[in-house]
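Hi everyone, thanks for coming.

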Amino acid sequence: MADVLFEPMKIGELEVPNRVLMAPLTRSRSTQPGDVPNAMNAEYYAQRASAGLIIAEATQVSGQGKGYAFTPGIHTEAQAEGWKLVTDAVHARGGRIYLQLWHVGRISHVDLQPNGERPVAPSAIRAEGSRTYTSKDSGMVDVSEPRALELDEIPGVVDQFRKGAELAKAAGFDGVEIHGANGYLLDQFLRTGTNHRTDAYGGPVENRARFGIEVAQAVIDVWGAGRVGYRVTPIGRFNDMNDDAPADTFGYLAEKLGELGVAFIHVVEEFGPSSRDDALEEAARAIRTRYKAASPAGSNPAYLGNGGYDADLARQRIGDGLADAITFGKLFISNPDLPERMQQNGPYNEWDQSTFYGGDEKGYTDYAPLA
């Protein structure tokens with residue numbers, strides 16, 4: 001019997017050889033100053049080129065969008081040139097790679113912001129319990145109190161995503177994913193717990209989703225819908241997030257993204273092989289069904305699942321029609337040849353969590369492939 005993980009498919013306009021995809025993973029190893037990708041980053045991604053698709057780590061679209069030290073950017077020519085090292089290395093090994101476009105919104109600190117300004121958000125609500133790091137020696141610090149974006153500032157932030165999309169194309173990526181998850185700026189606008197605005201971007205879901213839809217349209221204008229994806233966390237509470245009606249909220253967004261023709265929705269489902277959450281399943285079902293029903297005929301819309309997956313659960317969910325492909329995170333950190341290992345049912349290297357963020361080659365490019 002054929003293994004569903006290794007059936008090729010089309011995700012929008014992109015043909016992929018398997019359904020074992022690499023999730024975006026913050027590793028905080030860009031060159032300073034300037035948040036520029038480098039040759040070590042290129043080797044790391046090239047080692048993982050057998051993924052059906054690599055979605056590169058969250059990458060800030062502006063200085064304002066930065067929330068953590070050492071994360072890469074995509075708002076200067078130098079950064080685009082650094083990313084060109086990465087895309088060239090991945091393509092030389094036959095891989096495909098998208099860039100994730102990111103604005104952290106309120107999850108930042110004044111020490112990371114241009115001119116020491118306050119981070120921006122839909123509403124001036126601080127993320128309780130959220131922390132970041134601002135330098136090599138700072139340790140973890142509480143995020144700063146944000147300020148609410150003025151109405152006339154919002155088009156400028158949309159333009160930051162547009163410019164990031166343009167530079168990602170110049171850097172040789174195969175497409176982009178918009179980061180609308182994990183409590184960052186687009187997620188903050190969408191959910192009721194963080195958006196208390198009373199203008200055209202607040203209140204009913206049609207208004208709260210407006211910013212994300214405008215960003216998606218701006219990025220589609222650069223890439224075409226078939227090369228653009230969007231990531232969401234409908235139930236995630238990371239970064240002090242919540243929503244009154246996640247199935248309705250995220251189902252509405254998914255329908256609108258489907259109407260735009262985006263290539264995929266990437267859903268952080270946050271369950272393990274032995275657990276299920278009724279609220280999550282309801283939201284995931286709303287996203288999947290409303291997105292696919294609204295997508296244009298022949299556009300190859302894909303639902304990408306993420307969170308707590310192993311190979312067996314991935315096969316089950318794809319086989320049951322609950323996902324089209326699965327993205328893997330930690331397993332790809334420690335197993336650069338993860339698709340090959342899944343074909344052989346292991347063995348798998350164990351990851352070293354102490355090396356996830358920052359540092360050098362240790363825990364980054366030194367995990368051994370299969371002999």
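Let me begin with a term we will need: a cavity is a set of grid points where a 1.4 Å probe fits but cannot get out, and its lining residues have an atom within 4 Å of a point. Please keep in mind that what you see is a predicted model.

So, how many cavities of 30 Å³ or more does a search of the whole structure find? The search finds 1. The largest cavity has a volume of about 40 Å³. Around it you can pick out Arg27, Arg29, Ser30, Pro37, Asn41, Glu57, Pro72, Trp83 and Tyr364. That lining is made up of 4 nonpolar, 2 polar and 3 charged residues.

The largest pocket takes up about 1,100 Å³. It has 40 lining residues, and those closest to its centre are Pro24, Leu25, Asn182, Lys330 and Tyr357. Which elements give two or more residues to this lining? They are the strands β5 (97–102), β7 (131–133) and β14 (325–328), together with the helix α10 (330–334). Helix α10 provides the largest share, 3 residues. By type, the lining of the largest pocket has 18 nonpolar, 15 polar and 7 charged residues.

The second largest pocket holds about 200 Å³ of space. Its lining includes Arg29 and Ser30, two residues that also line the largest cavity. Among the others around this pocket are Ser28, Phe70, Tyr133, Lys136 and Met140. Here the division is 3 nonpolar, 6 polar and 2 charged.

Some background: most residues other than glycine have a negative phi, and most peptide bonds are trans. Phenylalanine 70 has a positive phi, near 75°. You'll find phenylalanine 70 in the loop between β4 (54–60) and α2 (77–92). Is phenylalanine 70 buried, partly exposed or exposed? Its relative accessibility is 23%, so it counts as partly exposed.

Asparagine 239 also has a positive phi, of about 65°. Asparagine 239 sits in the loop between β11 (228–232) and α7 (246–260). Because its relative accessibility is 4%, asparagine 239 counts as buried.

Next, the cis peptide bonds. One runs from glutamine 32 to proline 33, with omega near -5°. Proline 33 belongs to the loop between β3 (20–22) and α1 (39–47). Another joins glycine 346 and proline 347, where omega is about 0°. Proline 347 lies in the segment after α11 (338–343).

Let me finish with one side chain, arginine 197. Look for arginine 197 in the loop between α4 (185–190) and α5 (205–208). Why does arginine 197 count as buried? The cut-off for buried is under 20% relative accessible area, and arginine 197 is at 10%, so it counts as buried. A polar atom of the arginine 197 side chain is 2.9 Å from the backbone oxygen of proline 122. Leaving aside residues up to four places away in sequence, arginine 197 touches Ala121, Pro122 and Ser123, and its other contacts include Leu149, Glu150, Leu151, Ile154 and Phe189. Gly202 and Gly203 are also in touch with arginine 197.

Notes
Residues are numbered from 1 along each chain as its sequence is written. This is a predicted model: local features need pLDDT of at least 70, side-chain atom pairs count only at pLDDT 80 or more; totals for chains, interfaces and linings use all residues. Side-chain values use heavy atoms; hydrogens and water are left out. Helices (H or I, at least four residues) and strands (E, at least two) are DSSP runs, numbered from the N terminus. Buried means under 20% relative accessible area, exposed over 50%, partly exposed in between (1.4 Å probe, protein chains only). A polar contact is a pair of N or O atoms within 3.5 Å; within protein, one must be able to donate a hydrogen and the other to accept it, and residues adjacent in sequence count only if both atoms are side-chain atoms. Contact means heavy atoms within 4.5 Å. On a 1 Å grid over the protein atoms alone, a cavity is a set of points where a 1.4 Å probe fits but cannot get out, and a pocket is an open set with protein on both sides within 12 Å along at least five of seven lines; lining residues have an atom within 4 Å of a point. Grid points are joined across faces, edges and corners, and a volume is the space filled by probe spheres set on the points. Ala, Val, Leu, Ile, Met, Phe, Trp, Tyr, Cys and Pro count as nonpolar, Asp, Glu, Lys and Arg as charged, and the others, Gly among them, as polar.
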